[in-house]
Amino acid sequence: MHPHLKEVLFTEKEIESRVKALAHEISTDYAGKNPLIVGILKGSIMFTVDLLKALSIDAQVDFMDVSSYGNGLSTSGEVRILKDLDTKAQGRDILICEDIIDSGNTLLYVKNLLAHRGANSVKIISLLDKPAGRKVKINGDYIGFEVPDEFVVGYGIDYAERYRQLPYIGIFNTDFLIKD
Ligand SMILES: O=P(O)(O)OC[C@H]1O[C@H](OP(=O)(O)OP(=O)(O)O)[C@H](O)[C@@H]1O
Ligand code: HPA
Ligand SMILES: [Mg+2]
């Protein structure tokens, strides 16, 4: 375990098997469709790639970069688009692929935006759900794991751009907070 973590929540093996089960569910539910998987950068990079590899249906992928956390532990509440989709949302079955739903601000914003652009359907898949963090009413359609009210890192998820490379997910030890 990385020395800046308090605890490992999900091992590489546990993540791998949960992602495969989610991919199986998606492949069944979207059979005969060609969903557009929209990965939200950067936290969802590993999850989006692993999910895509495990799908048994045709799908397309695109990315949006939206950010609201900066380098801190709490959301600014203001969601900014840093990179928009290259693909038209109009008429598509969109599956937004996230690493974590915490306050819900990011997903509420992205879901409304894509629905406004005339998508045929917009659903949410998130590897992690932190219900205790919720500030707005939004839920995922597919969830990998529930997490406690702690700041988690690893498998794409960062604190101040660190720990994304870890193949497992754990609780960040706030003794290692960067103070300025
Ligand atoms: O439900 P919320 O409170 O909105 O939090 C969830 C979002 O926050 C994180 O992204 P962040 O803004 O840190 O960007 P990053 O993915 O590039 O780290 C995370 O990856 C989610 O996208
Ligand atoms: O628990 C978290 N960890 C990292 N980034 C986050 N963005 C929202 N919640 C979290
Ligand atoms: Mg972040």
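Ligand 1 is surrounded by 18 residues, the closest being Gly 43, Tyr 69, Asp 102, Ser 103 and Thr 106; a residue counts as near the ligand if its C-beta atom, placed from the backbone, lies within 6 Å of it. The model is predicted, so local features need pLDDT of at least 70 and side-chain atom pairs count only at pLDDT 80 or more, while totals for chains, interfaces and linings use all residues. Residues are numbered from 1 along each chain as its sequence is written, and chains are lettered from A and ligands numbered from 1 in the order in which they are written.

Strand 2 (36-41), strand 5 and helix 3 (105-116) each supply at least two residues of this shell, and strand 5 gives the most, with 4 residues. Here helices (H or I, at least four residues) and strands (E, at least two) are DSSP runs, numbered from the N terminus.

Helix 1 (residues 12-29) comes next. Its buried residues (20 or more other C-beta atoms within 10 Å of their own) are Ile 15, Val 19, Leu 22, Ala 23 and Ile 26. Seen down the helix axis, they fall within an arc of 105° and so line one face, the arc being that of the directions from the axis to the C-beta atoms. On the other side, Lys 13, Ser 17 and Thr 28 are exposed (12 or fewer such atoms).

Technical notes
Expected span 1.5 Å × (residues − 1).
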